[in-house]
Amino acid sequence: MKIQGWGRYPSVEAEVFTPSFDFQSKGFIKKRVLIPRGLGRSYGDSSLSSIILETSSMDHFISFNHKAGIISCQAGVSIHEILDLVVPKAWFVPVTPGSSYVTVGGAIASDVHGKNHHIGGSFSQHVISFELLLGNGEKVTVTPSGMPDLFRATCGGMGLTGVILSATFQLIPIQSSFINQTTMRANSLEEVCELFEANALGTYSVAWIDCLAKGRQMGRSLLTLGEHSINGCLELGRQPKKSLPIDMPTWVLNPYSIKAFNFFYFHKSILSVQKTDLPYRPYFYPLDAINNWNRLYGKNGFIQYQFVVPKTVGVKGLKRILDVISKSNKGSFLAVLKVFGKGNENYLSFPIEGYSLALDFKMESGIVELVKRLDSMVLEMGGRVYLTKDALMSEQMFKSTYPQWQIFEEVRAKYGAIGRFASNQSRRLGLQ
């Protein structure tokens, strides 16, 4: 069958297996080279291979200590399902990506980050332990202090060390399911970066950025801050669902429509600062309200390109990159700017202290060349590209920007992962 990532580029023909865990899986992995896959929300080819082991059958909760806020569940449980369980008990996930339809196994394998990285770090920093099925069929319990090398390789390791079976992690307490949101308008890149710094003690922060604006308005943005409210109830709330039933025609997204969208989105409010309270779902997961929103980019799909550059080159470096994007007329109307705090010790974890920008590019003529040019600029600036979003990075780029890749490979060899777990991405990046 044909399988794609969320960006719908590339596509592969694959055999997809959903064994009954973990009775069948021990023998299953000894006979095949495969990659585990959760809900398929990684964008490129990190969960693609000719043989895919789907973890949808691993969808059960194991325990929930609602007094201590510690939860254990199988790796196929989604963040969406976890929140349905824990929010009414006054708990929340410590780190969440931009979609709640991400499994716990996927959150660990990608070491996902969120709007609070400068405060809360990555998902793995809240993981107490996880169970991992190794390439030899052995099941081990991995903790940060017990088997620390395997912990650091698996968290951010893109499923290349084994199959995550279950995990235990710490939640954070809340008093309400609502978020106090403050939206601030910034008329330039310098201004939004100053606002990020001025609000560095806030819990959540993210900016939508107009990547096609030029001149003095380059980088104009809407910065959105968030705090868990102390008022209101602990109701889940339900987002009204809309859907894109078909692929949009390729001509819908073009430089003119994107410029028009960006103009009206930036000017949607006449106030420079707006405050409101809203349920957590539309704050953290606005796109979850649209089923199959990836069809917006047409049948050829899209590339989500997310990079981070150090703060030392932050504003100057971002302006150079935005200038190249603006001149290419390949802009994105979904362009998200975040501030990262210090990274962690995981070998392939993405965040480093600096500024991260994520952009969606419709897959069309000229995009591959644009991405290669952006890669060279990110490399020059001492940054890196997020493996969970990547579909085009070269081996040279990967090995230059993830300097611990050799240690990662040594750990994989030590625990029998080489020759058992591989993806199209890992082969492209020169991993064994």
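**Ground rules.** I number residues from 1 along each chain as its sequence is written, and I use heavy atoms for side-chain values, leaving out hydrogens and water. Since the model is predicted, local features need pLDDT of at least 70 and side-chain atom pairs count only at pLDDT 80 or more, while totals for chains, interfaces and linings use all residues.

Buried means under 20% relative accessible area, exposed over 50%, partly exposed in between (1.4 Å probe, protein chains only). This core has 119 residues, and F130, Y305, F307 and L337 touch the most other members. Helix α10 (residues 367–380) gives the largest share, 6 residues. I take helices (H or I, at least four residues) and strands (E, at least two) as DSSP runs, numbered from the N terminus. The core lies between domain 1 (37–173 + 403–428) and domain 2 (178–392), because both give residues to it; the domain bounds come from an automatic or database domain assignment.

I then listed contacts (heavy atoms within 4.5 Å) of F307. Leaving out residues up to four places away in sequence, F307 touches L318, I321, F350, Y355, S356, L357, L359, V378, R384 and V385. Another core, of 5 residues, lies apart from the largest one; W6, Y43, W293 and F302 are among its members.

**S47.** I found S47 in the loop between β4 (35–37) and β5 (51–54). S47 counts as buried, at 7% relative accessibility. Beyond four places in sequence, S47 touches I35, P36, R37, S42 and I52.

**Helix α2.** In α2 (residues 79–86) I found I79, H80, I82, L83 and V86 buried. Their arc around the axis, taken from the directions from the helix axis to the C-beta atoms, is only 160 degrees, so they are on the same side of α2. Their cover includes β6 (61–65), β7 (70–74), β8 (91–92), α3 (104–109), β11 (163–170) and α8 (280–284).

**Sheet.** I traced an open, antiparallel sheet of 8 strands in the order β17-β13-β15-β14-β20-β21-β19-β22. Two strands pair if DSSP finds at least two bridges between them. β17 (273–279) and β22 (384–385) stand at the edges with a single partner strand each, so one side of each has no neighbour in the sheet. I also checked β13 (residues 178–186) and β15 (residues 221–228): 8 bridges join these antiparallel strands. I179 has H228 of β15 as its bridge partner.

Notes:
A nonpolar core is a set of buried Ala, Val, Leu, Ile, Met, Phe, Trp, Tyr and Cys residues joined through side-chain atoms within 4.5 Å.
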